[in-house]
Amino acid sequence: MKSILDGRPALKREVDKVAEVAGYLWQKGWAERNGGNITVNITDLVDDEIRSMPAISEVRSIGVTLPHLKGAYFFCKGTNRRMRDLARWPMENGSVIRILDDCASYEIIADNPVAPTSELPSHLMVHDHKLEQGSPYRASLHTHPIELVAMSHIRKFLGTDVLTRLLWSMIPETKAFCPRGLGIIPYELPGSVKMAEETVSQLDDYDVVLWEKHGVFATDTDIMQAFDQVDVLNKSAQIYIAACNMGSEPEGMTDEQLSEMTRAFNLPK
């Protein structure tokens, strides 16, 4: 069967990145069963032949109207599909969707009628907001990093910027690569519109958002960059927990040392 990726090396590279990241998520234990979601805006890689492709599904409602996504195309992980399977067979466990002119519905166009992630509205709301801002970010990732989720169960870490300050202090690279830190959203029903709205708002100020007792949401220019943001933050969480397991609260970098990092790398204050 002919694939939408055939003869389109740039598009194939983006889907291959999704497959690679999906494998990393599984290997790290961040994607149990069908846990986690990925969506990538591929509109810039779409040609006239793709635009003329017929739908292979019925028209489906997004549930919200997103005016900046008119005519946009996304590669999406399928609902109830495993990351480990997406890693091996991306076009059998994900699909390409087209947002229709009403900006409130979509249809699947390739390769198989695999329904997108159940959290598609949340992802698309973020993508719509990024386009409204003129942001170059085109990829979104939701996953369940063990140590960060564990820390979200401890009340003392949930105050504004408490966890950001702690994670920055564990290793210099954390502030360098995640200079805006980690936002936190109190527990909400997964997939709810309220959680999506909170995520959109928090991503204006933070690199990554932690959903209390659930997981994280990250965006970046491509899916590998989004993965890197989460990976860096979770490494800091691992260092913190490892030090605690040795019987002591780690002292972390001082405010003076963090300020030195901020100046040296010209980071946001």
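**Sheet, salt bridges and cores in a predicted model**

Asp222 is buried, with a relative accessible area of 14%. Here buried means under 20% relative accessible area, exposed means over 50%, and partly exposed lies in between (1.4 Å probe, protein chains only). The structure is a predicted model: local features need pLDDT of at least 70, side-chain atom pairs count only at pLDDT 80 or more, and totals for chains, interfaces and linings use all residues. Residues are numbered from 1 along each chain as its sequence is written, and side-chain values use heavy atoms, with hydrogens and water left out.

Asp222 forms a salt bridge with Lys17, and the closest N and O atoms are 2.9 Å apart. Lys17 lies in helix H1 and Asp222 in the loop between S9 and helix H10 (223–245), so the pair ties together parts that are 205 residues apart in sequence. Lys17 counts as partly exposed, at 23% relative accessibility. A salt bridge is defined as a side-chain nitrogen of Lys or Arg within 4 Å of a carboxyl oxygen of Asp or Glu. Helices (H or I, at least four residues) and strands (E, at least two) are DSSP runs, numbered from the N terminus.

By the salt-bridge rule the count comes to 16. One of them links Asp85 and Arg88, with the closest N and O atoms 2.4 Å apart. Both residues lie in helix H3 (residues 83–88), three residues apart, about one turn of the helix. Asp85 is buried, at a relative accessible area of 12%. Elsewhere, salt bridges that share partners join Arg8, Asp47 and Glu49 into one network. Glu58 also forms a salt bridge, with Arg60, at 3.0 Å between the closest N and O atoms. Glu58 is partly exposed, with a relative accessible area of 48%.

The strands build an open sheet of nine, in the order S2-S5-S4-S3-S1-S6-S9-S8-S7, with mixed pairing. S2 and strand S7 (182–185) stand at the edges, each with a single partner strand, so one side of each is left without a neighbour in the sheet. Two strands pair if DSSP finds at least two bridges between them. Strand S2 (residues 60–61) is joined to S5 by two bridges, and the two run antiparallel. Arg60 has Tyr106 as its bridge partner in S5.

Strand S5 (residues 105–110) is mostly covered, with six of its six residues buried. Four bridges join S5 to strand S4 (residues 94–99), again antiparallel. In this pairing, Ile97 has Ile108 in S5 as its bridge partner. The hairpin of S4 and S5 has five residues between the strands, and Cys103 takes a positive phi near 60 degrees there. Strand S3 (residues 73–77) runs antiparallel to S4, and five bridges join the two. Cys76 stands opposite Ser95 in S4.

Helix H1 (residues 9–27) lies across strand S1 (37–41), S3 and strand S6 (139–143), and runs at about 160 degrees to S1. Axes are lines fitted to C-alpha atoms, for helices over the stretch in contact, and angles run from 0 to 180 degrees between N-to-C directions.

Phe217 is placed in strand S9 (residues 215–220). Phe217 is buried, at a relative accessible area of 0%. Its C-alpha atom is separated by 4.5 Å from that of His142, 75 residues apart along the chain. Contact means heavy atoms within 4.5 Å. Neighbours within four places in sequence aside, Phe217 is in contact with residues including His123, Ser140, His142, Thr199 and Trp211.

His129 lies in helix H5 (residues 120–133). At 18% relative accessibility, His129 counts as buried.

A nonpolar core is a set of buried Ala, Val, Leu, Ile, Met, Phe, Trp, Tyr and Cys residues joined through side-chain atoms within 4.5 Å. The largest such core has 48 residues, and those with the most contacts inside it are Ile4, Leu25, Ile38, Val96, Leu163 and Ile223. H10 supplies the largest share of this core, eight residues. Not counting residues up to four places away in sequence, Ile223 touches Lys17, Val18, Val21, Ile38, Val40, Ala139, Ser140 and Leu141. A second, separate core of 23 residues includes Tyr106, Ile108, Leu120 and Met195.
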